[in-house]
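Please look through the sequence and the model below before reading on.

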Amino acid sequence: MTIDKPSKNARKREQQALQELGEYLISFKSAELDSIGLNDDLLEAVRAAARMKSHGALRRQKQLIGKLMRQADADAIRARLDALGARDRAEKQMFARAEKWRDRLLGGDAAALEAFEKELGETDEELRQLLAQLEVTYNERAEKTLKRQVFRRVHANLVRIST
């Protein structure tokens, strides 16, 4: 009876994949790292690597992270990273949707405001006031400010109705 154990090359590929996953963690912010749920040693090693400037020290720290990753539950870490990625994609989609609505509202489409309010399910007096102020302003700086405020208002409304 022989037990099929992975070849040396397969073990090396697996360890390299774990080290790359650990190196990927270095790019995350501290709050995101906390939400991933890493063990204390790995979390401290990743945070230390993020602070390092020396190439040699960083290389050694990445090797340490790879070693610590062997003891961590890599599948759970990948699942949490996928969840973070999904949230990030949703936020980007919401931002793009708000940009489209802003462009449509500022583009002079008369039905755009009504269509937006229909999607909201209510009238937005503050947005109406911002658009009215934008029509009468001649100052370029004030116009930029109002356009930014329109975007923020549209984005806030879209976030509110999506939750």
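Helices (H or I, at least four residues) and strands (E, at least two) are DSSP runs, numbered from the N terminus. By that definition the elements of the protein run α-α-α-α-α-α-α-α from the N terminus on, with eight helices and zero strands. This is a predicted model, in which local features need pLDDT of at least 70 and side-chain atom pairs count only at pLDDT 80 or more, while totals for chains, interfaces and linings use all residues. Residues are numbered from 1 along each chain as its sequence is written, and side-chain values use heavy atoms, with hydrogens and water left out.

Buried residues (under 20% relative accessible area, with exposed over 50% and partly exposed in between, for a 1.4 Å probe and protein chains only) make up 30% of the 163 residues. A nonpolar core is a set of buried Ala, Val, Leu, Ile, Met, Phe, Trp, Tyr and Cys residues joined through side-chain atoms within 4.5 Å. The largest such core has 22 residues, and Leu-25, Leu-42 and Ile-77 have the most contacts inside it.

A second, separate core of 17 residues includes Ala-98, Leu-120, Leu-134 and Val-154.

Val-154 is also among the buried residues of H8, together with Leu-146 and Phe-151.
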